[in-house]
Amino acid sequence: MSAGLYISGAGHAALILWLLAGWGLESEPLDMQVTEVSMISGDAFEAMLRAGAPDAPVEEVAAPPQPDIAPEEPPAPDEENAPQVPETPAPVDVPDPETPPAPPEMDTPEAEVTDTVPELPQVLPAPAPPPSTELGESQRPVPRPSERIAPEPVAPPEPDAQVDDQVAEATSDAPAEETSETEVDQSTAPEEAAPEIVTEAETPAGAPEVSLRPQARPSRPAPQPAETADAESAPADPVAEALAETVADPAPQPTAGIVGGELSDAAKTGFLRQIGRCWNVGSASTGAMRTKVTVAFSMTQEGRVDGGSVRMIGFEGGSQSDADTAYGIARRALLRCQNETDGAGYDLPSDKYEQWRNVELTFNPENMRSW
Amino acid sequence: MMIRFLTFLMALLLATAASAQEPLRLELTDGVIEPLPFALPGFHAEDAGAEELATDISRVVAQDLTGTGLFRQIPRSAFISTPDSFTGSIAFADWRAINAQALVIGEVAASGGRLTVKFRVYDVFSGAEMGEGLQFSGTPQGWRRMAHKVADAVYSRITGEEGYFDSRVVYVAETGPKDNRAKRLAVMDYDGANVQYLTDSSAIVLAPRFSPNGDRVLYTSYESGFPRIYVLEVSTVGRQQLTTQPGDMAFSPRFGRDGQQVIYSLSQGGNTDIWRTDLRTGQHTRLTNAPSIETAPSFSPDGTRIVFESDRSGQQQLYVMSANGGEARRISFGEGRYGAPVWSPRGDLIAFTKQNAGRFHIGVMRTDGSEERLLTASFLDEGPTWAPNGRVIMFSRETRGAGGTSSLFSVDITGRNLKQVPTPTGASDPSWGPLQR
């Protein structure tokens, strides 16, 4: 922060000094273009407006009280400079609505029906993106076998009623034997709830860890010089000039590595992904799963969380107790995952340290609630 | 003019400085859902006589925690080091290295006929203790309860909600074939240990229900030839019949919040309605008066409302009415038949049994009938009951066929961790009691 602040402060101080001294700010009289105007009276102006205004319906409006002003004779209009009232336009002949114009005769071509599949035009395949130098060949995601599907097919259910060929013996009055050893037949009752919590995080999906950067914008074609334009003789068109300047001098693209530049979306996503791997809500209470907490913390330049700075600055959706639980889980995630890379801290661009020195991170479990 | 210009420049400088310190604001929405790994080195034994108990208590605490499905115990073989003593320093780096997120250490002492268990819970990655150390004392015979209490405290400190391990369940123990099944009331620890029988099998008993403080049990017995409601003292096993209005059958009782109000179904002349009896005054109040069958009432935790099942719409559905009766509002509208509703101790959900398309389900819904979710599916699942913390539901599951048996299962309200509760015999109609004090 200090470097950026100092640079900014020095720059602005220099700007102040320059403005105070006024070096190079002397002004010269500008060339003024003079246009002749004529003066007309108020009555003449109203007459001009009435002549051009449509015949709007007149509503009766209570006349406002007139101020006591001595009537003053308006000056006589200057007949020479009086505006010319345009003549009322001639009414337009409206076509008779009962006789609409006859529709134009159209020749409807007969459709040709063929049984053959039309040949598709040959479409050139899209140019493949250049191979990334950062990523190897990404594995295709492999669908994880569902834990909810029984590994063996379940026997079809028995019919509702079956007449047995053998006659069952009547029950005797003897005391029944203990049936503690009876095996529980679960074959017709496959469990619908998963016996274990298996998440996608436990199974590598093979997806690339970092998304590909979008391709750079293709360079614009160089502006063609005007074939017949004569810069000196042709009238100046400011819009065309501005467009030409834009084409000739495109806006500079943000360059990676600029100190104090905006943290990229990829860096933010990567940071969230690193923390998310350790944000385990498997042991959270149902109340905590409905609570969104915002945690503020500071980070060192090595990408490690300053443990003493971690604090909850807000929550919503649950009670204070729920928020405390949710905060404890969030805090564990922050502190745990910075050790994932051999204690090297979170992977963040060190040249943009000022951007992630202080973080406010909201942990929102809404997407992970199963109900 | 110059002053205004300088003021503008100063404001610009301050804004620039402020933007340099603006925190990075992000929102994280994707995490993982997996059991929290914890380490539990065996509790230390202060003396030689406590070694076996220390081992047993450590085992029960670990079983309680892992049995929830919310925790995963790290095997001892992965430990890098173990604490030398209960008061020694903790090498957090060793526990972080094996990804233990919580560490539970304890000590057991048995002397003079007294058993003492103390423990501490640590957040490994914070390097801090979660809460303060606790100590329980009792007789050596009560070691399981002390283990459950330790597990309850650990569970509460990590999850933020109350535990349910030091609780008991009353149920109907079943023996014999399906067409001649002997039934008797039994009570056990929540995990199936310490089974005790409360009645003999001379008469069919049904639907036991614990009182709010766990000292009494309401149940229905056929010993008179007709279903009648009895109140049983758990400590003395003494019982007496609940006095009701004259009727053909009285069944499906349940206590109110204060333990003095009992709501139940009473059948008179072929019509079944819901009644309430005050145990102190003996006053009976009719809460419904409809030609349809109203049954299976259950109080809300605050005692102001009652959920029950009724076929007044032509099919068995769930309704909610005031605890004093009056107009009822239907809350179940899905396909199939709904029954046996039970209000959650938290008051936010209602558990029920649903029969649809030839299968039975245990499900939960909000108290207004919204967000219905089915947690199980089976040939016959019925009789849900809530754990004291409202996080787990226990129910009975019966298997198909003439040799089918009934047993108890539990499931987390998220639908995970479905598992059977071990009982020495067949079991049905569970009723989960409160946490013991």
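**Entry 1: a helix pair in chain B**

I looked up the crossing of α2(B) and α4(B) and recorded it as right-handed; a crossing is right-handed if the near helix is turned clockwise from the far one by less than a right angle, and left-handed if anticlockwise. The model is a predicted one, in which local features need pLDDT of at least 70, side-chain atom pairs count only at pLDDT 80 or more, and totals for chains, interfaces and linings use all residues. Residues are numbered from 1 along each chain as its sequence is written, chains are lettered from A in the order in which they are written, and side-chain values use heavy atoms, without hydrogens and water.

I noted that two packed helices are described by the angle between their axes and the distance between the axes. Here α2 covers residues 51–67 and α4 covers residues 143–159 of chain B; their axes come within 8 Å and cross at roughly 45 degrees. Axes are lines fitted to C-alpha atoms, for helices over the stretch in contact, and angles run from 0 to 180 degrees between N-to-C directions. The two helices are therefore oblique to each other: angles under 35 degrees count as roughly parallel, over 145 as roughly antiparallel, 65 to 115 as roughly perpendicular, and the rest as oblique.

I then asked which residues of α2(B) and α4(B) meet. From α2(B) I listed Leu53(B), Asp56(B), Ile57(B), Arg59(B), Val60(B), Val61(B), Asp64(B) and Leu65(B). Among their partners in α4(B) are Trp143(B), Ala147(B), Val154(B) and Tyr155(B). Contact means heavy atoms within 4.5 Å. The residues of this contact divide into 11 nonpolar, 1 polar and 4 charged. In this count Ala, Val, Leu, Ile, Met, Phe, Trp, Tyr, Cys and Pro are nonpolar, Asp, Glu, Lys and Arg are charged, and the others, Gly among them, are polar.

**Entry 2: the two chains**

I recorded 6 helices and 3 strands for chain A, against 4 helices and 32 strands for chain B. Helices (H or I, at least four residues) and strands (E, at least two) are DSSP runs, numbered from the N terminus. Along its sequence, chain A reads α-α-α-α-β-β-α-α-β.

Buried residues make up 20% of the 371 residues in chain A and 56% of the 437 residues in chain B. Buried means under 20% relative accessible area, exposed over 50%, and partly exposed in between (1.4 Å probe, protein chains only). Of the contacts in chain A between residues at least 6 apart in sequence, 79% join residues at least 24 apart; in chain B the corresponding figure is 43%.

**Entry 3: the nonpolar cores**

In soluble globular proteins, nonpolar side chains tend to be buried together. A nonpolar core is a set of buried Ala, Val, Leu, Ile, Met, Phe, Trp, Tyr and Cys residues joined through side-chain atoms within 4.5 Å. The largest one has 52 residues, and Phe297(A), Leu361(A) and Phe363(A) touch the most other members. Elements giving two or more residues to this core come from both chains, including β1 (292–298) and β3 (358–363) of chain A and β5 (102–111) of chain B. I found that α5(A) gives the most, with 9 residues.

Leaving aside its neighbours within four places in sequence, Phe297(A) is in contact with residues including Phe271(A), Val305(A), Leu334(A), Val359(A) and Leu361(A). Apart from this core lies another, of 47 residues, among them Phe38(B), Val104(B), Tyr155(B) and Ile158(B).

**Entry 4: two residues with positive phi**

I looked up Val237(B), which has a positive phi of about 60 degrees although it is not a glycine. Val237(B) lies in the loop between β14 (228–233) and β15 (239–241) of chain B and is partly exposed, with a relative accessible area of 36%.

Ala296(B), likewise not a glycine, has a positive phi of about 55 degrees. Ala296(B) belongs to strand β20 of chain B and is buried at 13% relative accessible area.

**Entry 5: a loop in chain B**

Is Thr288(B) buried or exposed? I found a relative accessible area of 5%, so Thr288(B) is buried. Thr288(B) sits in the loop between β19 and β20 of chain B. Beyond its neighbours within four places in sequence, Thr288(B) is in contact with Asp273(B), Ile274(B), Glu294(B), Phe308(B) and Met321(B).

Asn289(B) is in the loop between β19 (284–286) and β20 (294–299) of chain B, and is exposed, with a relative accessible area of 65%.
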